[in-house]
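Try each task yourself before reading the solution.

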Amino acid sequence: MTDQEIIQSIAEGQERPGYLDEIWHELKFNPKTIVILDDDPTGTQTVHDIPVITQWTEEVIEKEILNSPVFFILTNSRSLLPGEADNLGRLIGRRLQKAAAKYNKNLVVISRSDSTLRGHYPNEVNALASGLGWNNAKHLLVPAFFEGGRYTYKDVHYVKEGDAFIPAAETPFAKDNTFGYASSDLKAWIAEKTKGEVKDTEVKSLSLDVLRNRPTQAIQDILNGDTNHYIANATASCDMDAIALAGLRSTARIIYRTGASFVNAIAGIQIRPLLEKDTIFTENRSNGGLIVVGSYVPKTTRQLEYLKKHSKASFIKFDVAKMIRKGSMEKELTRIGIEIDHSIQQQSNVVLYTAREVIKGDTKEESLKIVNQVSQNLIAIIKSLKNKPKYILTKGGITSSDIAVKALGVKRALVLGQAIKGVPVWRLDENAKFTELPYIVFPGNVGEDNTLFTIIQKLT
């Protein structure tokens, strides 16, 4: 497939009208509560004025279902072992179904995951369906995320780097220690992830031709068929809208496994302009900002190196392996916390970053445990801080979730919008360690080499 063919499909899609008015009409006259289970906090990359909850007690879920037609539940399940992710999916599924039945709500359930195909699949989706009591629920895979340069064309998922479209399996994301894969064709990817339990010939594809040239009823008929696994091609918002409208009208039980862009389509949320500095800050703070870089992907490392060359911020390297070897973990954590507090008070931005060398375990599970150990120590540092930063920017999904929930005690936040494309800004609630703090969630796989620097300059 040539890059030019994909570019042409993007251009043709942008010329076609979407289904936004029809989606709004459908949601108005057939109301549904749209719940997005986010396996890390980056799923809020495209929305605005939507709440995120980080707890899932029956009381919390009931309250949100009663008051919010659309909301995110931050599960951070990508940081869990497979069995833990399954247990969590079943638990939340049961509680959602119980609350929906109690208040007579119809649910649309989205399992939002990584647009570069990392995460617990299919086990997490199967567990969620089991908890909901949705026997034989259909899986609809829609990983396209236009703001981050992810497109699905002729069943192959692509990651745009510069001017080139690279099949996802040929990117560094596919070499992930825990969630690596070999297939870019989404039909083959499902077969690979199910270990052949679902054959690629058993996966139905929604082509661009069908989405753009067939009536909604025809797409509904496909979704209502006897296949349980579907993938959707998408290179423009009209494709997402066509999928969403058919899904809303379908009689099938569907659990959507998607990237961030699909949330806008099915909830009828229009893209807003990027946030301005005055909108992000509600109070005049002179303290320095805190940037925490935990993601190890090559894109993040390049952004960090660019920032070091062009920024006057204070940089603190957090080398867990070195600390363990020296037996000085507690002492170092205390020292780093004091140094960060001092920089914040002196109105200097400070960048806390993990060593770039990835420590691998002998198994995928061990590698995930090591990542979580690093995160636990970052949590300890942030919990120790006494001075409120002007903002906190976190780089990487697991890092962002753990700092928000475990270090700052966030129970509910409001997504204000995006600082740049694909980078959401939250405002923390009154229960957080630093109330009303702008919290910027910067995915590890988003942006160009200068993007981290650009955001920090915008916030200065």
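**Exercise 1.** In this predicted model, find the bridge partner of Leu140 in strand S11, then work out which strands pair with S11 and in which sense.

*Solution.* Start at Leu140: its bridge partner in S11 is Tyr256. Now step out to the whole strand. S5 pairs with S11 in the parallel sense, over five bridges. Next, look for another neighbour: S4 (residues 107-112) also runs parallel to S11, joined to it by four bridges. Here Ser111 has Arg257 of S11 as its bridge partner.

**Exercise 2.** Which elements do the buried residues of helix H8 pack against?

*Solution.* List the buried residues first: Thr216, Ala218, Ile219, Gln220, Ile222 and Leu223. That's six of the eight residues in H8 (residues 216-223), so this helix is largely enclosed. Then collect their packing partners: strands S5, S9, S10 and S11, plus helices H7 and H9.

Follow up on one of those partners, H9. Helix H9 (residues 237-249) has 13 residues and reaches 18 Å from its first C-alpha to its last, close to the 18 Å expected. Of its 13 residues, 11 are buried, so H9 is largely enclosed too. Among them are Cys238, Asp239, Met240 and Asp241.

**Exercise 3.** Trace strands S6, S7 and S8: how many residues sit between the strands of each hairpin?

*Solution.* Take S6 and S7 first. They run antiparallel with four bridges, and Thr152 stands opposite His157. Two residues separate them in the hairpin, and Lys154 in the turn has a positive phi of about 50°.

Now move on to S7 and S8, which are antiparallel and joined by four bridges. Glu161 stands opposite Ala164. This hairpin also has two residues between its strands, with Gly162 in the turn at a positive phi of about 65°.

**Exercise 4.** Is Thr451 buried or exposed, and what does it contact beyond its sequence neighbours?

*Solution.* Locate Thr451 in helix H17 (residues 451-459). Its relative accessible area is 9%, so Thr451 is buried. Leave aside neighbours within four places in sequence, and its contacts are Gln303, Ile420 and Phe442.

Note on methods
Residues are numbered from 1 along each chain as its sequence is written. This is a predicted model: local features need pLDDT of at least 70, side-chain atom pairs count only at pLDDT 80 or more; totals for chains, interfaces and linings use all residues. Side-chain values use heavy atoms; hydrogens and water are left out. The expected span of a helix is 1.5 Å times one less than its number of residues. Buried means under 20% relative accessible area, exposed over 50%, partly exposed in between (1.4 Å probe, protein chains only). Contact means heavy atoms within 4.5 Å. Two strands pair if DSSP finds at least two bridges between them.
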